[in-house]
Amino acid sequence: MLNQFSRSQLLLGAEGIQHLQDARVLVFGIGGVGGYAVEALARTGVGHFTLVDDDKVCLTNLNRQIIATRKTVGKYKVDVMKERILDINPKAEAEERKCFYLPETADEFDFTQYDYIIDAVDTVTAKLDIISRATKLGIPVISSMGAGNKLDASRFKVADIYETTICPLARVMRRECRKRGIEHLKVVFSDEPPTRPLEDMSISCRTHCICPPGAAHKCTERRDIPGSLAFVPSVAGLILAGEVVKDLAL
C-alpha cells in the first residue's frame, strides 16, 4: 500500500524499510552535521532516535543548521529536532537528552540498547569515549571528522580512520585511536586543506557573543571559532545518514 516511505522502499525493499523502522539510533550532536543526518534518517524511515545535545539554537546557526530558523533561535536543539522528526513521521519515537557527553556522564547511556551510534560532536574527548565504548560493545558507530573551515563539499569521503589524510581532527583521532587499540572506525572526512578564517573582530563571537541565555557552552569558551557554510556540514551529515541506512537496511 502506498505510504510516505514508498519511494524509499523501491530501493531498499520492504524488509529494508522494516529494519529501519525497527532500528534504534543514538545521535551525539544535533548541529550542522548531526541535524542533517537525523533529518535524512527520519525521512528514510528510521523509527527510533535518541538525540543528545545540550546546546540551544543560536542566531549564528541560521547560515548552516537545518533546525535553525528565526522561530527556533533560543530553543534547545534536541527539542527542535524531535519536533521535526514527528512532523515528518508521527509514528517515530524521539527521546531528547539535554546533555553534554563526557566520560563523566557516559554511564547515563546504555549503548547496548541501540543498533547504531552517530558521533557528530566536535570535542575530541567526547568522540574518543563514544567510539571506545561502542567498539568494546560491538555497536556499529560512524564518526564525523572536521567540517569547519571547508569550502568544497565534493571533497568528503567515507573511509577507515587510518586511511584519512589532510584533516587535522582526523590526524588527532588516528593517533588517539591507535593508543586505545581501536583497529577500525568508519568516518566521514574531507581531504580539503582547511581555510584559515578571517580575523574580523567586528563579527567575532569572541567580542560579540550572542549565545542564547542559559547556554551551557558559549562561543567565548572555544579555542577556535571555525567558519562554516550551509553546503558543507549538510553534505557531511547526508553522507553519514547514507552509510547508516546502507548498514542497517541492505
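This text walks through the fold, from the whole chain down to single residues.

The model is predicted: local features need pLDDT of at least 70, side-chain atom pairs count only at pLDDT 80 or more, and totals for chains, interfaces and linings use all residues. Residues are numbered from 1 along each chain as its sequence is written, and side-chain values use heavy atoms, with hydrogens and water left out.

Start with the elements. The protein chain holds six helices and seven strands. Helices (H or I, at least four residues) and strands (E, at least two) are DSSP runs, numbered from the N terminus. Read from the N terminus, their order is α-β-α-β-α-β-β-α-β-β-α-β-α. The radius of gyration of the protein chain is 18 Å, close to the 18 Å that the globule rule gives for 250 residues, so the chain is as compact as a globular protein of that length. That radius is taken over C-alpha atoms, and the globule rule is 2.2 Å times the number of residues to the power 0.38. The C-alpha trace spans about 55 × 45 × 35 Å along its principal axes.

Of the 250 residues in the protein chain, 50% are buried. Buried means under 20% relative accessible area, exposed means over 50%, and partly exposed lies in between (1.4 Å probe, protein chains only). Contact means heavy atoms within 4.5 Å. Among contacts with a separation of 6 or more, 69% are between residues 24 or more positions apart. The accessible surface of the protein chain is about 12,600 Å², and carbon and sulfur atoms account for 53% of it. Such areas come from the Shrake-Rupley method with a 1.4 Å probe; for residues, only the protein chains shown count as cover.

Charges come next. The protein chain carries 33 positive and 33 negative side chains, and the centres of the two sets lie 4 Å apart. Lys and Arg count as positive and Asp and Glu as negative, while His and the chain ends are not counted. Each charge is placed at NZ of Lys, CZ of Arg, CG of Asp or CD of Glu.

Follow the strand pairing from strand 1. Two strands pair if DSSP finds at least two bridges between them. Strand 1 (residues 24-28) runs parallel to strand 2, with five bridges joining them. Here V27 stands opposite L51 of strand 2. Strand 1 also runs parallel to strand 4, through four bridges. In that pairing, V25 has Y116 of strand 4 as its bridge partner. Strand 4 in turn pairs with strand 5 in the parallel sense, over three bridges. D119 is partnered there by S143 of strand 5.

How well covered are these strands? In strand 1, four of the five residues are buried. In strand 2 (residues 48-52), five of five are buried.

Helix 3 (residues 77-88) contains I85. At 0% relative accessibility, I85 counts as buried. Leaving out residues up to four places away in sequence, I85 touches V38, A42, F49, L51, A92 and A94. I85 and F5 are 80 residues apart in sequence, and their C-alpha atoms are 14 Å apart in space.

Move on to strand 6, where A159 sits. At 12% relative accessibility, A159 counts as buried. Setting aside neighbours within four places in sequence, A159 is in contact with L185, K186, V187 and F189. A159 and H184 are 25 residues apart in sequence and 9.8 Å apart in space, C-alpha to C-alpha.

Two loop residues close the tour. N149 lies between strand 5 (141-144) and strand 6 (156-160). Its phi is near 60°, a positive value in a residue other than glycine. I166 is in the loop between strand 6 and helix 5 (168-179). The phi of I166 is near 70°, again positive in a residue other than glycine. At 43% relative accessibility, I166 counts as partly exposed.
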